[in-house]
Amino acid sequence: MTKDSWRLGGDLDVARVGYGAMKLTGWPRGERPDRETALAILRRAVELGVNHIDTSNYYARDGVAANELIKTALYPYPADLVLVTKVGALVEGPDITLPSSEQTGLTPDGLRRGVEANLRTLGVDRLDVVNLRLGDRGHDAALDEPLRVLMALRDEGLIRHIGVSNVSLAEFELARTIAPIACVQNQYNITNRDDDPLVDACAAAGVAYVPFFPVGGFQPLTAEHLATVAARRGASVAQVALAWLLARSPNILLIPGTGSPAHLEENIAAADLALTDDDLALLG
């Protein structure tokens, strides 16, 4: 695996290809691996050099919880392992149907409970990075109070760094006037490039940009020429999509999730797929 890395928050060195734990639980929908496979995937990811795992206490369904799997598989944690969690909108189950202004996960009490739940279920005294997830894009959500709550929790020693998720460029710029922002986590991939200006703004500010659904999520990738480049490079379409993201900007960190051991190996190998100028020109 490539040693290409990024210093998250200015002091946490992480490999640019990490792992997202959501698919281990089948949350919010979809299939999931059996427990032993899930544990094996987490252990194999670390063996392959992954030291950035994205999770949350609300990644749980039918008694299967991402944080519990991570703790069972990897605790005591390697010294360089960075666990990134999120709180805010969608933390509370019923909140998923409510507008941002009514979601209890964004209240001071909801944020504290979310942080404490992640601490407890991961078995740590401090969370490396906590992303504040806002509600649906396009809805106004107050940033000031939630960020100040997270800063207070940071001052208590419960959080190391703060990030934001599901934000617009304007919200990112506002957030940076309120709190130090280590990363942005938004939907972005080769077929969904609406966040191009935000990716560039993060790079200019030295802030990591972490795209979720990097290979399409619940929607298959449809970018023209993906298959062409994959065929001529002897790679999969997913690997090309991940390699494109790595080439897009040095501040992009990947957290592809999978419940398949084979796909895990494939995703991590994408770090060593260097697309040529001709490849990138064809992909647009």
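These exercises with worked solutions concern the predicted model shown above.

Residues are numbered from 1 along each chain as its sequence is written.

**Exercise 1. The overall fold**

Task: State how many helices and strands the protein has, and compare its radius of gyration with that of a compact globule.

Solution: 
- Step 1. There are 10 helices and 11 strands. Helices (H or I, at least four residues) and strands (E, at least two) are DSSP runs, numbered from the N terminus.
- Step 2. The radius of gyration is taken over C-alpha atoms, and the globule rule is 2.2 Å times the number of residues to the power 0.38.
- Step 3. For 284 residues a compact globule would have a value near 19 Å; the protein has 18 Å, which agrees.
- Step 4. Along the principal axes, the C-alpha atoms fill a box of roughly 55 × 40 × 35 Å.

**Exercise 2. The faces of helix 5**

Task: Find which residues of helix 5 are buried, and explain why they line one face of the helix.

Solution: 
- Step 1. Buried means under 20% relative accessible area, exposed over 50%, and partly exposed in between (1.4 Å probe, protein chains only).
- Step 2. Helix 5 covers residues 169–178, and Glu171, Phe172, Ala175 and Ile178 are buried in it.
- Step 3. Seen down the axis of helix 5, the buried residues fall within an arc of 115°, so they line one face. This arc is that of the directions from the helix axis to the C-beta atoms.
- Step 4. Ala170 and Thr177, on the other side of helix 5, are exposed.
- Step 5. The buried residues of helix 5 pack against helix 4 (144–155), strand 9 (159–165), strand 10 (183–187) and helix 6 (196–205).

**Exercise 3. His52**

Task: Decide whether His52 is buried or exposed, and list which residues it touches.

Solution: 
- Step 1. His52 lies in strand 4 (residues 52–54).
- Step 2. His52 counts as buried because its relative accessibility is 2%.
- Step 3. Contact means heavy atoms within 4.5 Å. Leaving out residues up to four places away in sequence, His52 touches Val14, Gly18, Tyr19, Leu81, Val82, Val84, Val210, Leu253 and Ile255.

Terms used: This is a predicted model: local features need pLDDT of at least 70, side-chain atom pairs count only at pLDDT 80 or more; totals for chains, interfaces and linings use all residues. Side-chain values use heavy atoms; hydrogens and water are left out.
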